[in-house]
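Please keep the structure open while reading.

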Amino acid sequence: MSPNTQARTGFGVELPVAFDPRWNRIPGITVNGTAIEIEPEKYFFRFETSTWLLCDWRIVSSELLPSEETFETAVEQLALDFVKTYGFSTSDAGLVLSTAWDVYDYLFRDEHLPALGLPHVTTDHLRMLREAATFMALNKVELDGHISNVGPCWFLSAVTSVVFDLSEEEANMLDRVGTWFKGDLRIESIKAHAALGVLGGRLVHGRHLLPGQSGGACVPYGASMETFGAELTGVRQEWLARAFDRGVT
């Protein structure tokens, strides 16, 4: 992977696998095999900050993923401590994308299909999730709960219906997969998301606060959910409509 970023004027990344060319339906995204380029002015609904906090995926996979929570230290604390130790700030959005690909390539593995209990979900659906979640990592919520960066991939079911020609039922089914990390899968998700760590960031779905396709993002521990929910209430309908309207005809 070779990130190459100029955050405000456009950025790109070369990933290990080719993304679906139908991502070119989304203004601001250009996919050419394994090469991805994003034009922020066209892609984002709101883009206020070009810095993110990351941890090196190689260190996450070698040190944090094999670790076990104990009676004294829950997995959330393990993730927090890890990010405090290894986290670094970057303005390289290409590195954010490549790190996110590593995270979601790990989390949405085909071997998880039997555990999901969703017989209609296929390996192709998991591929769609890996790709969409990679772009979702560019979204950002501040510690005070303010939504600073948001693009169409905030709204997973909307953007997957546009990109992959999914029915509403299928797109909503895909959205549900992303929230079904329970038990061992929940622990796995918390540790893996440390690589995208804003103080051990957690994946929060807006629909937990607002009903009906409210999307989600990695939100820092300690962030004000009251502020986050109030702001999302004010902009949700506009952003959701724009997400459905992003397809190139």
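Which salt bridge do the side chains of Glu 39 and Lys 42 form, and at what N to O distance? The two side chains meet at 3.8 Å, N to O. A salt bridge here is a side-chain nitrogen of Lys or Arg within 4 Å of a carboxyl oxygen of Asp or Glu.

## Basis

This is a predicted model, where local features need pLDDT of at least 70, side-chain atom pairs count only at pLDDT 80 or more, and totals for chains, interfaces and linings use all residues. Residues are numbered from 1 along each chain as its sequence is written, and side-chain values use heavy atoms, with hydrogens and water left out.

## Salt bridges

The structure holds 16 salt bridges. Glu 39 is partly exposed at 36%. Lys 42 is partly exposed at 47%.

Asp 20 bridges to Arg 22, with the closest N and O atoms 2.8 Å apart. Asp 20 also forms a salt bridge with Arg 127, where the closest N and O atoms are 3.7 Å apart. Asp 20 sits in the loop between strand S2 (10-14) and strand S3 (29-32), and Arg 127 in helix H6, so this pair ties together parts 107 residues apart in sequence. Helices (H or I, at least four residues) and strands (E, at least two) are DSSP runs, numbered from the N terminus. Asp 20 is buried at 9% relative accessible area. Arg 22 is partly exposed at 26%, and Arg 127 is partly exposed at 22%. A network of salt bridges links Asp 20, Arg 22, Arg 25, Asp 124, Arg 127, Glu 131 and Asp 165.

## Helix H6

H6 spans residues 123-136, 14 residues in total. From first C-alpha to last it reaches 20 Å, close to the 20 Å expected at 1.5 Å a residue. That expected span is 1.5 Å times one less than the number of residues.

H6 is mostly covered, with 11 of its 14 residues buried. Among them are His 125, Leu 129, Glu 131 and Phe 135.

## Nonpolar cores

A nonpolar core is a set of buried Ala, Val, Leu, Ile, Met, Phe, Trp, Tyr and Cys residues joined through side-chain atoms within 4.5 Å. The largest has 65 residues, of which Trp 23, Ile 38, Phe 135 and Leu 138 touch the most other members. Helix H4 (residues 93-107) gives the largest share of this core, 8 residues. A second, separate core has 15 residues, including Val 150, Trp 154, Phe 228 and Leu 240.

Which residues does Leu 138 touch, not counting those up to four places away in sequence? They are Phe 11, Ile 38, Phe 44, Trp 52, Ala 93, Val 96, Leu 97 and Asn 149. Contact means heavy atoms within 4.5 Å.

## Aromatic contacts

Rings of Phe, Tyr and Trp (its six-membered ring) pair if their centres lie within 6.5 Å; planes under 30 degrees apart are stacked, over 60 edge-to-face, and the rest tilted. By this rule there are 11 aromatic pairs. Tyr 43 and Phe 44 form an edge-to-face pair, 5.0 Å centre to centre with 80° between the planes. Tyr 43 is buried at 0% relative accessible area, and Phe 44 is buried at 5%.

Ring pairs also link Phe 19, Trp 23, Trp 101, Phe 135 and Phe 164 into a cluster.

How values were computed: Buried means under 20% relative accessible area, exposed over 50%, partly exposed in between (1.4 Å probe, protein chains only).
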